[in-house]
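Please open the model in the viewer and follow the selections below in order.

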Amino acid sequence: MGRPEPADHHSFAAESPQSALTRSGRPHDAAPPHTPESVDADVTGAVVRTAQEVLAGRLAEAAVCDPSFSDELARRVVDFTLDGGKRMRPRLLWWGMRACGAAETTAALRLGVALELIQTCALIHDDVMDHSRLRRGKPAVHIGLAEGAGLSPDSEQGSAFGTSAAVLAGDLALVWADDTVAETVLSAVQRRRIGSLWRAMRTEMVAGQYLDLRGQAGGGSSEAHTLRTACLKSALYSVERPVAIGAALAEADERTTDALCSAGKYAGIAFQLRDDLLGVFGDPWVTGKPSGDDIREGKSTYLLAVARSRAEAAGDHAALAVLGRVVGNNELNEQDLADVRGILEVTGARAHVEGKAERLREQAAHRLGEAVDVETGVGGRLLDLLRTVSGGRPPGSPATDTSHPHHNAVSATGFAAAEGGRT
């Protein structure tokens with residue numbers, strides 16, 4: 001599935017969540033103390049081990065409340081958090097901090113776990129809103145909760161129970177994320193800066209999801225609206241804020257922080273634009289979700305907004321008619337999808353979005369280079385991650401980027417799939 005991960009990749013797929021934590025809620029083995037050098041060598045592994053430790057405590061607290069709550073709901077949140085994903089947000093936080101010259105190991109790993117928990121909240125709620133049945137190749141949480149209660153997720157009772165319980169599971173993940181941040185030892189300066197970023201990120205995440213829903217309900221959005229949604233839903237929450245938290249942990253100066261935030265925002269928007277392209281033109285075996293899902297669900301993407309505005313400007317009523325008929329059609333077939341792809345090509349929307357994503361990618365690298373030395377190990381690793389997020393090539397083109405000595409990053413296709421798209 002694309003090129004291999006950078007050197008700090010740690011595959012957790014071979015170990016199930018149930019084996020990661022014992023039924024008593026404690027890790028199997030006491031993890032060795034983390035050092036900056038050991039985390040540098042395996043950021044993902046260090047995050048997973050820290051998550052096991054943190055979540056063991058959360059699970060024990062849940063068991064005190066009620067055993068059934070702990071076993072049926074809280075453990076499902078634990079399993080979901082530990083099972084899957086490339087831990088991209090914690091890695092951005094870590095290398096953002098390291099690029100600023102700091103090594104706050106314990107605090108960085110705990111804050112990375114908090115980012116993973118808020119991502120758990122977002123994905124569980126997202127699947128409920130999108131009526132998705134699968135996540136990471138397994139039943140979505142609301143489906144699993146209904147089945148775990150002995151109910152059919154397709155029945156009225158099972159659907160209502162699964163949906164309601166999944167909302168609570170997402171809420172629990174968010175509560176645990178906040179608790180993890182609150183209990184992390186920080187200096188007064190760090191806590192003030194990180195607290196401000198954390199509060200902003202939570203609100204931005206909800207705002208982005210709402211704008212996405214609002215765009216679907218409205219039957220289409222302007223280019224400006226879709227870019228704003230992409231910024232809130234992906235760029236800030238997925239990239240800029242994690243990097244900014246790393247800089248705040250390092251107590252970086254204003255100039256460095258601004259440059260890192262700009263680089264993260266550019267890379268994050270580029271990621272969302274490429275993800276929009278993958279949603280229509282991507283290979284389902286690579287992306288992890290059916291091609292055309294965004295069209296079928298009527299997602300208000302920048303790609304579709306550009307196609308509409310260009311068709312309107314050209315007076316292409318046939319193209320507008322196809323977009324009006326197909327976008328948001330649950331009965332979308334292969335011919336419908338082919339028609340939409342043709343319009344995206346003919347109007348130049350695909351080429352425009354690919355070009356914009358590539359320019360944003362280069363802007364991200366440029367802004368990062370203004371703040372840190374990207375030729376050194378830590379600066380180069382952060383550049384790798386930003387290029388991983390923003391992608392190297394349009395779908396269907398080689399993903400290898402040889403324009404920089406640090407070119408071992410996977411494509412944005414791999415990042416999109418790692419987020420656990422519907423299959």
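Colour the protein chain by pLDDT, the predictor's confidence in each residue from 0 to 100: the average is 84, and 83% of the residues score at least 70. The model is predicted, so local features need pLDDT of at least 70 and side-chain atom pairs 80 or more, whereas totals for chains, interfaces and linings use all residues. Numbering runs from 1 along each chain as its sequence is written, and side-chain values use heavy atoms, without hydrogens and water.

Select residues 22-30, where pLDDT stays under 50 and the model has 17 contacts (heavy atoms within 4.5 Å) beyond four places in sequence. Over residues 393-423 the pLDDT is also below 50, with 100 contacts beyond near neighbours in sequence. Where pLDDT is low, the predicted coordinates should not be read in detail.

Next, display helix α4 (residues 67-82) and helix α7 (residues 141-148), whose axes come within 11 Å and cross at roughly 145 degrees. Axes are lines fitted to C-alpha atoms over the stretch in contact, with angles from 0 to 180 degrees between N-to-C directions; helices are DSSP runs (H or I) of at least four residues, numbered from the N terminus. Glu72, Leu73, Arg76 and Phe80 of α4 meet Val141, Gly144 and Leu145 of α7.

Stay on Phe80: Arg136 lies over its face, 4.6 Å from the ring centre (CZ of Arg or NZ of Lys within 6 Å of the centre and within 35 degrees of the ring normal). Finally, select Phe281, over whose face Arg350 lies at 4.0 Å from the ring centre.

How values were computed: Helices (H or I, at least four residues) and strands (E, at least two) are DSSP runs, numbered from the N terminus.
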